[in-house]
Amino acid sequence: MTTRTRWVLPAAIYLLALLSIAAGIPKIQRMPQELAFLGAIGLSGLAVSALGIIQCIGGALLFSPRFRVIGAVMAGIGLLVSAAALLVGGNTPFGLVSLLPIVALVIVVSLDSRRR
């Protein structure tokens, strides 16, 4: 493994972890825009907060190699539900772009698992 790949993969994982946490916090706080677009798929305020908690915990678990896969699943659930809500709500371009972190999450976690 080259020097570049030794730091790129962990950096990508940490960035995705921070992204997941940053996306989960507004859900926990029940920000109006989060409630609006997640309400389009029938999520209540309590469900939005629960989704945010799952997403934040998943992001935090990504920092630990031992729990990285579990964290990726939890973070991915939050990101996937958000992307689905955007797509259902008619915001197709942003919904499709929101799928990219999920793809990146799958790629970096699978590469990280192979590396060990």
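Trainee: Where does C56 sit?
Mentor: In this predicted model, C56 belongs to helix α3, which covers residues 45-61.

Trainee: And is C56 buried or exposed?
Mentor: The relative accessibility of C56 is 13%, and because buried means under 20%, C56 counts as buried.

Trainee: What does C56 touch, sequence neighbours aside?
Mentor: If you leave out the residues within four places in sequence, C56 is in contact with I21, G24, I25 and I28.

Trainee: What about A60, buried or partly exposed?
Mentor: A60 is also found in helix α3, but its relative accessibility is 41%, so A60 counts as partly exposed.

Trainee: Changing topic, which residues does S20 contact?
Mentor: Setting aside neighbours within four places in sequence, S20 is in contact with Q55, G59 and A75. S20 lies in helix α1, and with a relative accessibility of 0% it counts as buried.

Trainee: How far apart are S20 and R116?
Mentor: They are 96 residues apart in sequence, and 24 Å apart in space when taken from C-alpha to C-alpha.

Trainee: Now the largest pocket: what is its volume?
Mentor: The largest pocket has a volume of about 250 Å³. Its lining is made up of L19, A23, K27, E34, F37, L79, S82, A83, L86, F94, S98 and P101.

Trainee: Which elements give two or more residues to that lining?
Mentor: Those are α1 (3-28), α2 (32-39) and α4 (68-88), and the largest share, four residues, comes from α4.

Trainee: How does the lining divide by class?
Mentor: The lining of the largest pocket has eight nonpolar residues, together with two polar and two charged ones.

Trainee: Since α4 came up, at what angle do the axes of α4 and α6 cross?
Mentor: The axes of α4 and helix α6, the latter being residues 100-115, come within 10 Å and cross at roughly 170°. Angles over 145 degrees count as roughly antiparallel, and α4 and α6 are therefore roughly antiparallel to each other.

Trainee: Which residues make the contact?
Mentor: From α4 the contact is made by R68, V69, A72, A75, G76, L79 and L80, while α6 contributes P101, I102, L105, V109, D112 and S113. By class, the residues of this contact of α4 with α6 divide into nine nonpolar, two polar and two charged.

Trainee: How far is D112 from C56?
Mentor: Their C-alpha atoms are separated by 21 Å, and the two residues are 56 residues apart along the chain.

Trainee: One last thing, what is the phi of R30?
Mentor: R30 has a positive phi of about 55°, although it is not a glycine. As background, most residues other than glycine have a negative phi.

Trainee: Where is R30 found?
Mentor: R30 is in the loop between α1 and α2, and at 38% relative accessibility it counts as partly exposed.

Definitions and conventions: Residues numbered from 1 in each chain as written. Predicted model: local features only at pLDDT ≥ 70, side-chain atom pairs only at ≥ 80, totals over all residues. Heavy atoms only, no water. 1 Å grid on protein atoms, 1.4 Å probe; cavity = no way out; pocket = protein on both sides within 12 Å on 5 of 7 lines; lining within 4 Å. Points joined across faces, edges and corners; volume = space filled by probe spheres on them. Nonpolar A, V, L, I, M, F, W, Y, C, P; charged D, E, K, R; others polar. Axes fitted to C-alpha atoms, helices over the stretch in contact; angles between N-to-C directions. Parallel < 35°, antiparallel > 145°, perpendicular 65-115°, else oblique. Contact = heavy atoms within 4.5 Å. Buried < 20%, exposed > 50% of the residue type's maximum accessible area, 1.4 Å probe, protein only.
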